[in-house]
Amino acid sequence: MNVQGFSHVTIRVSNLERSLDFYCGFLGMTLKHKGRTDAYLEWGNAWVCLLERPVAEADREARSRQPGVDHVAFHIREEDFPEAAEKIRRSDTVVVRGPVRRGKGWSINFLDPDGTELELHTSNLQERLEVWK
């Protein structure tokens, strides 16, 4: 198997319109296609699919305790980070952690409207590993 790299992430959402307001309107992703229950967005080199799957509250709580993806991180240039972090802090968005210096970069973790944890991060893997050696 010769995997070439990361392709995209699909995020389950309970309300597609509300999530499009957040991902496009707030985060600035570009809507490339919108179907009845899905939408495809671009953000730099990232490709994100939002997939509407309404979830009962009891199911949401059970899913939060199961193994799976912890959070989705997006790269942002360090010079753009302070403005983005301030925009997140001034909004109704729940900040989970940060802004905080992690390794050689800055991070801020926050929740989307369905509680999916997202992160903006300024460094790369090489820089992270240099700090951990």
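Visitor: Is lysine 34 buried, partly exposed or exposed?
Guide: The model is predicted, so local features need pLDDT of at least 70 and side-chain atom pairs pLDDT 80 or more, while totals for chains, interfaces and linings use all residues. Residues are numbered from 1 along each chain as its sequence is written, and side-chain values use heavy atoms, leaving out hydrogens and water. Buried means under 20% relative accessible area, exposed over 50%, and partly exposed in between, with a 1.4 Å probe and protein chains only. With a relative accessible area of 40%, lysine 34 is partly exposed.

Visitor: With which side chain does the side chain of lysine 34 make a polar contact?
Guide: Lysine 34 touches Leu16, Glu17, Leu20 and Ala39, leaving out residues up to four places away in sequence, where contact means heavy atoms within 4.5 Å. A polar contact is a pair of N or O atoms within 3.5 Å; within protein, one must be able to donate a hydrogen and the other to accept it, and residues adjacent in sequence count only if both atoms are side-chain atoms. At 2.8 Å, the partner is the side chain of glutamate 17.

Visitor: How many residues apart in sequence are lysine 34 and cysteine 49?
Guide: In space, the C-alpha atoms of lysine 34 and cysteine 49 are 9.8 Å apart. Along the sequence, the separation of lysine 34 and cysteine 49 is 15 residues.

Visitor: Which residues does aspartate 38 contact beyond its neighbours within four places in sequence?
Guide: Aspartate 38 is placed at residues 38-43, in strand E3, strands being DSSP runs of at least two residues (E), numbered from the N terminus. Its contacts are Leu16, His33, Cys49, Leu50 and Leu51.

Technical notes: Helices (H or I, at least four residues) and strands (E, at least two) are DSSP runs, numbered from the N terminus.
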